[in-house]
Amino acid sequence: EQAAEEELEHAQMCLAMAARRLGRPVRGRVPLRTNRPPPPLARLAAESHLDGWQNEGEAASAAAHRSLDSREPRQAAVERRIALEENEHARFGREIDRWARWQGGRALERRRAEFLEQATAGR
């Protein structure tokens, strides 16, 4: 829940930066909450690997680079905060993936690999 709240804050901060640059309000749309049931453990592991560990890690790296490249102090501060929090989200995704794999054993490893293959097909 904390990571989800931080993602909403990241979006709000980015919208505020865009509004400052454009000189006009910029709106975003918050996705509706889904009633998706909890996924099977193998899917949780795969999604935590891809979206958590991998994608959040890439987002952290990109934000860190933007913070170094920014000439605007406020933007650099926002990017540093995003980088720190995205890095924590990546660590959390890695921990969930490892925990799920520990819980599920070899059968889970096979199903996790299938989910990862399906998710990355066509990339």
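This is a predicted model: local features need pLDDT of at least 70, side-chain atom pairs count only at pLDDT 80 or more; totals for chains, interfaces and linings use all residues.
**Entry 1: helix 1 against helix 3**

I started with helix 1 (residues 2-22) and helix 3 (residues 73-120), which pack at an angle of about 160°. Their axes lie 11 Å apart. Angles over 145 degrees count as roughly antiparallel, so I wrote this pair down as roughly antiparallel. I also looked up the handedness: helix 1 passes helix 3 in a left-handed crossing.

Next I listed who touches whom. From helix 1 the contact takes Ala3, Glu6, Glu7, Glu9, His10, Met13, Cys14, Met17, Arg20 and Arg21. From helix 3 I have Arg74, Gln75, Val78, Glu79, Arg81, Ile82, Glu85, Glu86 and His89. Sorted by class, this contact has 10 charged, 6 nonpolar and 3 polar residues.

**Entry 2: helix 2 against helix 3**

Then I turned to helix 2 (residues 41-69), which packs on helix 3 at about 155°. Here the axes are 4 Å apart. I noted helix 2 and helix 3 as roughly antiparallel to each other, too. Helix 2 passes helix 3 in a left-handed crossing. By class, I get 22 nonpolar, 12 charged and 11 polar residues in the contact of helix 2 with helix 3.

**Entry 3: the largest pocket**

How much space lies in the largest pocket? I found about 1200 Å³. The pocket is lined by 25 residues, and the closest to its centre are Glu1, Ala3, Ala4, Arg36 and Asp51. Ala3 was already in my notes as part of the helix 1 contact with helix 3.

Which helix gives the largest share of the lining? That is helix 2, with 6 residues. Helix 1, helix 2 and helix 3 each supply at least two residues of the lining. My class tally for the lining is 12 nonpolar, 8 charged and 5 polar residues.

Technical notes
Residues are numbered from 1 along each chain as its sequence is written. Side-chain values use heavy atoms; hydrogens and water are left out. Axes are lines fitted to C-alpha atoms, for helices over the stretch in contact, and angles run from 0 to 180 degrees between N-to-C directions. Angles under 35 degrees count as roughly parallel, over 145 as roughly antiparallel, 65 to 115 as roughly perpendicular and the rest as oblique. A crossing is left-handed if the near helix is turned anticlockwise from the far one by less than a right angle, and right-handed if clockwise. Contact means heavy atoms within 4.5 Å. Ala, Val, Leu, Ile, Met, Phe, Trp, Tyr, Cys and Pro count as nonpolar, Asp, Glu, Lys and Arg as charged, and the others, Gly among them, as polar. On a 1 Å grid over the protein atoms alone, a cavity is a set of points where a 1.4 Å probe fits but cannot get out, and a pocket is an open set with protein on both sides within 12 Å along at least five of seven lines; lining residues have an atom within 4 Å of a point. Grid points are joined across faces, edges and corners, and a volume is the space filled by probe spheres set on the points.
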